[in-house]
Structures are given as structure tokens and as C-alpha cells.
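Here is a short tour of a protein for you to follow with the sequence and the model side by side.

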Amino acid sequence: MNDQDYKFDEDEALKFIRAELSEDVNLKYDDEEILCIIDIIWDYYESNGFLSLNLDETEEEVLDIDNLMKYVKKEVKADDDLNIDSKDVEKIVKAELDYEESLEDFI
């Protein structure tokens, strides 16, 4: 397999996140709500330069998870269409980060 086989895939991320969440959290939210969290995470990455090809440090070295959590929670709260509990936001973000980390295992 080549590096193309291990690129971020929203559908795979969704499956991975669902597998990591408890049944009660899974039942509360539909796929679109979880995909919105993924999009917010990637908006954070983009606005903070994490998607730049010229990073000298690895993402793990510069990613401030606390700031990411604050950003995602703020964006979820500001979106009237999203009604996701703050503690569940944390669980979803952690599961998404775990998915990203699982991709690094193959590279």
C-alpha cells in the first residue's frame, strides 16, 4: 500500500469515532452532527496553519489540544443548529484525534 491509502477519510473517521463513543452518546447524535465537529476541527487546523506543507515541527509538537477544545466548543455553542453537550464534544474531538493518530501509525 502507498501513502494514498492512509489519507484522512471522513467516512472512515465517522466509523472510527462511532466505534470509540459509548452507545448513549452515539444515540444522541446523527452522522451530520459528528461530521460538523470534524469540519470545525479542520477549520481550526486551517486557521492555525496546521495544514501548511511547510511545517518544521510535527503537528503533535505544536497542536494545543486545550485551545482546539475551546475553539470547537465555542463554535458548537455559536451554531444554533448544533445541540451537542460540551462533555460529548470533548469525547467526539478526542475520538477524532485518535483517528488521526491511527493514520500516523501507517505512514
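Does Leu 14 count as buried or exposed, and at what relative accessibility? With a relative accessibility of 10%, Leu 14 falls under the 20% limit, so it counts as buried. Please keep in mind that this is a predicted model. The protein has six helices and zero strands, and its elements, read from the N terminus, run α-α-α-α-α-α.

**Overall picture**

- The protein has 107 residues, and 35% of them count as buried.
- Look at the contacts between residues at least 6 apart in sequence: 70% of these join residues at least 24 apart.

**The nonpolar core**

- The largest nonpolar core is made of 29 residues. Ile 37, Val 72, Val 76, Ile 84 and Val 93 are those with the most contacts inside it.
- Two or more residues of this core come from each of helix 1 (10-20), helix 3 (31-47), helix 5 (65-78) and helix 6 (86-104).
- Helix 3 is the one that gives the most to this core, with eight residues.

**Helix 3 with helix 6**

- The axes of these two helices, helix 3 and helix 6, come within 10 Å and cross at roughly 65°. That angle makes helix 3 roughly perpendicular to helix 6.
- The crossing of helix 3 and helix 6 is right-handed.
- On the helix 3 side, the contact involves Ile 34, Ile 37, Ile 38, Ile 41, Trp 42 and Tyr 45. On the helix 6 side, they meet Val 89, Ile 92, Val 93, Glu 96, Leu 97 and Glu 100.
- Sorted by class, the contact of helix 3 with helix 6 has 10 nonpolar residues, two charged ones and no polar ones.

**Helix 3 with helix 5**

- Helix 3 and helix 5 have axes 10 Å apart and pack at an angle of about 125°. The two helices, helix 3 and helix 5, are therefore oblique to each other.
- Helix 3 passes helix 5 in a crossing that is right-handed.
- Helix 3 brings Ile 37, Ile 40, Ile 41, Asp 43 and Tyr 44 to this meeting, and helix 5 brings Asn 67, Leu 68, Tyr 71, Val 72, Glu 75 and Val 76.
- The contact of helix 3 with helix 5 divides into eight nonpolar residues, one polar and two charged.
- With a relative accessible area of 37%, Asn 67 is partly exposed.
- Asn 67 lies 23 residues from Tyr 44 in sequence, and their C-alpha atoms are 9.4 Å apart in space.

**Helix 1 with helix 3**

- Helix 1 packs with helix 3 at an angle of about 110°, and their axes are 10 Å apart. Helix 1 and helix 3 are therefore roughly perpendicular to each other.
- The crossing in which helix 1 passes helix 3 is right-handed.
- Glu 10, Ala 13, Leu 14, Ile 17 and Arg 18 of helix 1 make this contact with Asp 31, Ile 34, Leu 35, Ile 38 and Asp 39 of helix 3.
- By class, the residues of the contact of helix 1 with helix 3 divide into six nonpolar, four charged and no polar.
- Back to the opening residue: Leu 14 is found in helix 1. Not counting residues up to four places away in sequence, Leu 14 touches Asp 31 and Ile 34.
- Leu 14 and Ile 34 are 20 residues apart in sequence, while the distance in space is 7.2 Å, C-alpha to C-alpha.

**A loop residue to look at**

- Leu 51 is found in the loop between helix 3 and helix 4 (59-62).
- At 40% relative accessibility, Leu 51 counts as partly exposed.
- Setting aside residues up to four places away in sequence, Leu 51 touches Trp 42, Tyr 45 and Glu 46. Among these, Trp 42 and Tyr 45 also take part in the contact of helix 3 with helix 6.

Terms used. Residues numbered from 1 in each chain as written. Predicted model: local features only at pLDDT ≥ 70, side-chain atom pairs only at ≥ 80, totals over all residues. Heavy atoms only, no water. Core = buried A, V, L, I, M, F, W, Y, C linked by side-chain atoms within 4.5 Å. Buried < 20%, exposed > 50% of the residue type's maximum accessible area, 1.4 Å probe, protein only. Helix = DSSP H or I, 4+ residues; strand = E, 2+ residues; numbered from the N terminus. Axes fitted to C-alpha atoms, helices over the stretch in contact; angles between N-to-C directions. Parallel < 35°, antiparallel > 145°, perpendicular 65-115°, else oblique. Left-handed = near helix turned anticlockwise from the far one by under 90°. Contact = heavy atoms within 4.5 Å. Nonpolar A, V, L, I, M, F, W, Y, C, P; charged D, E, K, R; others polar.
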